[in-house]
Amino acid sequence: MSNVKGTALITGASGGIGAIYADRLARQGYNLILVARSAATLDRVAADIRARSGREVDTIVADLAVSSQLSVVEDRIKNDRQITLLVNNAGIGSTAQALEADVNTMSAMIALNVNALMRLSYAAVPAFAGRGSGTIVNIASIVAVAPEVLNGVYGGTKAFVLAFSQNLRHELAGSGVHVQVVLPGATATGFWDVAGTPVEHLPGEIVMRADEMVDAALAGLARDEFATIPGLHNETRWDAFETARQAMAGELSANTPAARYLAN
């Protein structure tokens, strides 16, 4: 089968959102490189997609929180000219409050959610920009703009993903590289078991099916959206938020303190 759209590299691809991205992108005509920690699970996903789609599916077994294993994936992105799409999906979360959170778990979350995503993006940027084309999809979360909802460190990591993506979009304007950041709300995956609150404990009206979330995100990508929030029905809310943020940006730095901070 001919390679129509190049190769998509997807992290966290052994289940949940990542595996659904793999299925959908294979259907769209991408060959795949799937990255995850579990070799057995990853092989099952890859074999299933090969059988159903006829696409080429390669796998890399790697824990992206381990620098030596992360480097293997970085090198693949830098050197494989067939890669046209990077989906930074791998990540972990937490619902633990500050008074009960394990600090080592928090550090591990930062390593995966922030450092790995940053390094893989920076591996892709020169390669994509040099060819004048390519797409980076960063999976953030609604907690990027609503950090009070879950664990504070998790919210902070996803705020990083949003801010980092905003900067990439700005710096890469006109380069032919498209950046999309996806901000899912509560999604029915195994994420919640790891985070500490099973999805069954959440109100059903706020939980989206994982396949519907990914399909919405891909629809947003097809629309050339930068920020895709699958659960936000009133898109003018985001437009107003972004307009206000950008308007304020020009007023944040001045050579004198604001009058409210001056002595009477």
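In the predicted model, the side chain of Asn 88 makes a polar contact with the side chain of Ser 121, at a distance of 3.1 Å. Asn 88 is found in strand β4, which spans residues 83–88, and with a relative accessibility of 2% this residue counts as buried. When its neighbours within four places in sequence are left aside, Asn 88 is in contact with Thr 11, with Leu 117, Leu 120 and Ser 121, and with the run Ile 136, Val 137, Asn 138 and Ile 139.

Aromatic side chains were examined next. The structure holds 3 aromatic pairs. One of them is formed by Tyr 122 and Phe 164, whose rings lie 5.5 Å apart from centre to centre, with 50° between the planes, so that the pair is classed as tilted. Tyr 122 belongs to helix α4 (residues 103–131) and Phe 164 to helix α5 (residues 152–171), and the pair therefore ties together parts that are 42 residues apart in sequence. The two partners are described by separate accessibility classes: Tyr 122, at 47% relative accessibility, counts as partly exposed, whereas Phe 164 is buried, with a relative accessible area of 8%. Together with Phe 160, Tyr 122 and Phe 164 form one aromatic cluster.

Trp 238 and Phe 241 also form an aromatic pair, again tilted, with a centre-to-centre distance of 5.3 Å and an angle of 35° between the planes. Both residues lie in helix α8 (residues 236–249), where they are 3 residues apart, about one turn of the helix. Trp 238 is buried, its relative accessible area being 13%, while Phe 241, at 39% relative accessibility, counts as partly exposed.

Helix packing was considered for helix α1 (residues 16–28) and two partners, α2 and α7. The axes of α1 and helix α2 (residues 39–53) come within 10 Å and cross at roughly 20°; because angles under 35 degrees count as roughly parallel, α1 and α2 are roughly parallel to each other. The crossing in which α1 passes α2 is right-handed. On the α1 side of this packing, Ala 19, Ala 22, Asp 23, Ala 26 and Arg 27 meet Val 45, Ile 49, Arg 52 and Ser 53 of α2.

With helix α7 (residues 210–222), α1 packs at an angle of about 50°, the axes being 9 Å apart, and this angle makes α1 oblique to α7. The crossing of α1 and α7 is likewise right-handed. The residues of α1 that take part are Ile 17, Ile 20, Tyr 21, Arg 24, Leu 25 and Gln 28, which meet Ala 210, Asp 211, Met 213, Val 214, Asp 215, Ala 217 and Leu 218 in α7.

The loop between α7 and β9 (227–228) is the place of Asp 224. The phi angle of Asp 224 is near 60°, a positive value in a residue other than glycine.

Key
Residues are numbered from 1 along each chain as its sequence is written. This is a predicted model: local features need pLDDT of at least 70, side-chain atom pairs count only at pLDDT 80 or more; totals for chains, interfaces and linings use all residues. Side-chain values use heavy atoms; hydrogens and water are left out. Rings of Phe, Tyr and Trp (its six-membered ring) pair if their centres lie within 6.5 Å; planes under 30 degrees apart count as stacked, over 60 as edge-to-face and the rest as tilted. Helices (H or I, at least four residues) and strands (E, at least two) are DSSP runs, numbered from the N terminus. Buried means under 20% relative accessible area, exposed over 50%, partly exposed in between (1.4 Å probe, protein chains only). A polar contact is a pair of N or O atoms within 3.5 Å; within protein, one must be able to donate a hydrogen and the other to accept it, and residues adjacent in sequence count only if both atoms are side-chain atoms. Contact means heavy atoms within 4.5 Å. Axes are lines fitted to C-alpha atoms, for helices over the stretch in contact, and angles run from 0 to 180 degrees between N-to-C directions. Angles under 35 degrees count as roughly parallel, over 145 as roughly antiparallel, 65 to 115 as roughly perpendicular and the rest as oblique. A crossing is left-handed if the near helix is turned anticlockwise from the far one by less than a right angle, and right-handed if clockwise.
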